[in-house]
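Please look over the sequence and the structure shown here before reading on.

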Amino acid sequence: MLLRGLTWLVLFQLLGTAINHLFVPILPGPIIGLLLLLVFLMMRGEVGAPLNEAANSLLRYLPLLLVPPAVGVMVYASDIAADFWAIVGALLISALVTMAFVGVLMHKLIARQHKREERS
């Protein structure tokens, strides 16, 4: 059953990679495959047992993916410290721009929803 779930995951990744190469070179193939898997699961309405087992078995190894970034931070700690204020400034500016964008977008979406409710 684990093999069947892993096969589904790999097939969606391959499908996403194919779409990436043929139509959408901006998005990475695995991200497209993940979105396709999400749409598939939403249409299906449930996660099957093989896919659930495969996902759970892969989640056990997720902390291993955090080791390389942590090592990179440790190795380049002096470079990060030298550019600390530039990094903090960039993070603050990007957070503020993101919050402003999300606020404006949320305002427009709420206004659109109120217009739809008034029409109904």
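## Burial and exposure

A residue is called buried when its relative accessible area is under 20%, and exposed when that value is over 50%. The model described here is predicted. By this definition, buried residues make up 12% of the 120 residues in the protein.

The protein exposes about 10,000 Å². Carbon and sulfur atoms supply 74% of that area.

## Overall architecture

The secondary structure consists of six helices and zero strands. Along the sequence, the pattern reads α-α-α-α-α-α. The radius of gyration is 21 Å, well over the 14 Å given by the globule rule for 120 residues, so the protein is more spread out than a compact globule.

Taken along the principal axes, the C-alpha atoms fill a box of roughly 50 × 50 × 30 Å. Of the contacts between residues at least 6 apart in sequence, 49% join residues that are at least 24 apart.

## Helix α2

Helix α2 covers residues 29-44, 16 residues in all. From its first C-alpha to its last it reaches 22 Å, which is close to the 22 Å expected at 1.5 Å a residue. Just after α2, G45 adopts a positive phi of about 90°.

Which residues of α2 are buried? They are G29, I32, G33, L37 and L41. The cover over the buried residues of α2 includes helix α1, residues 2-22, and helix α3.

## A nonpolar patch on the surface

A nonpolar patch on the surface is formed by Y61, L64, V67, V71, V73, M74, V75, Y76, I80, I87 and L91. Together these residues have about 1,100 Å² of accessible area. The elements that give two or more residues to the patch are α4, residues 67-75, and α6, residues 84-119. Helix α4 provides the largest share, with five residues.

One member of the patch, L64, lies in the loop between α3, residues 49-59, and α4. Is L64 buried or exposed? Its relative accessibility is 57%, and because the cut-off for exposed is over 50%, L64 counts as exposed.

## Summary

The predicted model is a protein of six helices and zero strands that is more spread out than a compact globule. Helix α2 has buried residues, among them I32 and L37, while the surface carries a nonpolar patch to which α4 gives the largest share.

How values were computed: Residues are numbered from 1 along each chain as its sequence is written. This is a predicted model: local features need pLDDT of at least 70, side-chain atom pairs count only at pLDDT 80 or more; totals for chains, interfaces and linings use all residues. Side-chain values use heavy atoms; hydrogens and water are left out. Patches are made of residues with over 30% relative accessible area and no salt bridge: like charges are joined within 9 Å, nonpolar side chains (Val, Leu, Ile, Met, Phe, Trp, Tyr) within 5 Å. Accessible areas come from the Shrake-Rupley method with a 1.4 Å probe; for residues, only the protein chains shown count as cover. A salt bridge is a side-chain nitrogen of Lys or Arg within 4 Å of a carboxyl oxygen of Asp or Glu. Helices (H or I, at least four residues) and strands (E, at least two) are DSSP runs, numbered from the N terminus. Buried means under 20% relative accessible area, exposed over 50%, partly exposed in between (1.4 Å probe, protein chains only). The expected span of a helix is 1.5 Å times one less than its number of residues. Contact means heavy atoms within 4.5 Å. The radius of gyration is taken over C-alpha atoms; the globule rule is 2.2 Å times the number of residues to the power 0.38.
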